[in-house]
Amino acid sequence: MEPVFDLASVDTDGAIQEAQEAVAGDTRASFFRKAAIGGGTVLTSGAIMGMLPELAAARPSKKQDLKILNYALTLEYLEAAFYKEAVDHSSTFSPDAKAFAAIVADHEATHVQVLRKTIKSLHGHIVRRPNFNFKGTPEDEKKFLATSFVLENTGVHAYLGQAPRLLSRSLLAAAGSILTVEARHSAAAAILVNDKPYRIGKHSITPNGAFDTGLSMKTILGAVGRTGFITG
């Protein structure tokens, strides 16, 4: 997948750039394959809610809905932790960036809370929160905003990729409501990066034109794993 903007100036070790690459079918994501989804599994850099081979081909079911909810929760854990750290280090941010960090931190924390309650209501096992190391990214305004743009777009593709696999219509509606919020977050980040809501650098924020694309769990989890943000 082509990066939506040039991260060279903020991604010195290439971690974020790697998160933008599609890894479907790539051996870089192979370490996810044996990791369990749900069941209280600890998410480590070597086992992050992996892509169960049967999931992609499975018919919609309550069991699959729970797996998708835990998958979404994993991503929301990461985003909530990222924005909380940004808020904690936002004293040097511009007023707009500081406000953005606070608003999105509240949204992502709410997503975590709601997903956990939903899984519990369905008598599912809630995946535990992993440990994170964001390598100082949330402490620098420029790096924070650029990374935020990447994370929020990743969330959009992740939710859209799982929508057709959900059995419950109410869960589908809830996922759609989160997806639209993630998209608004990414647009806000784009504006804060360069005052342009539709472009980052030379790249459009809607590279696929009038329609967006969903990405598989394997692709998303592989990309997230390659950032190195999840440490154990």
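Q: What makes the set of residues around Leu78 and Phe144 the largest nonpolar core?
A: A nonpolar core is a set of buried Ala, Val, Leu, Ile, Met, Phe, Trp, Tyr and Cys residues joined through side-chain atoms within 4.5 Å. The largest such core here has 47 residues, and Leu78 and Phe144 touch the most other members. Helices H2 (62-88), H3 (95-121), H4 (141-162), H5 (169-194) and H6 (217-227) each give two or more residues to this core. H2 gives the most, with 14 residues. Helices (H or I, at least four residues) and strands (E, at least two) are DSSP runs, numbered from the N terminus.

This is a predicted model: local features need pLDDT of at least 70, side-chain atom pairs count only at pLDDT 80 or more, and totals for chains, interfaces and linings use all residues. Residues are numbered from 1 along each chain as its sequence is written, and side-chain values use heavy atoms, with hydrogens and water left out.

Q: Which residues is Phe144 in contact with, leaving aside neighbours within four places in sequence?
A: Contact means heavy atoms within 4.5 Å. On that basis the partners of Phe144 are Phe82, Tyr83, Ala86, Phe93, Ala97, Phe100, Ala101, Thr137 and Pro138.

Q: Why does His185 count as buried?
A: Buried means under 20% relative accessible area, exposed over 50%, and partly exposed in between (1.4 Å probe, protein chains only). His185 has 5% relative accessibility, so it counts as buried. His185 lies in helix H5 and touches Phe100, Val104, His107, Glu108 and Glu152, not counting residues up to four places away in sequence.

Q: What makes a space a cavity, and how many cavities of 30 Å³ or more are found?
A: On a 1 Å grid over the protein atoms alone, a cavity is a set of points where a 1.4 Å probe fits but cannot get out; a pocket is an open set with protein on both sides within 12 Å along at least five of seven lines; lining residues have an atom within 4 Å of a point. Two cavities of 30 Å³ or more are found in the whole structure. The second largest cavity has a volume of about 60 Å³, and its lining is Leu75, Leu78, Glu79, Leu151, Thr154, Gly155 and Val224.

Q: Which residues of the second largest pocket's lining lie nearest its centre?
A: They are Leu69, Ala72, Leu115, Tyr159 and Ala175, out of 18 lining residues. H2, H3, H4 and H5 each give two or more residues to this lining. The volume of the second largest pocket is about 200 Å³, where a volume is the space filled by probe spheres set on grid points joined across faces, edges and corners.
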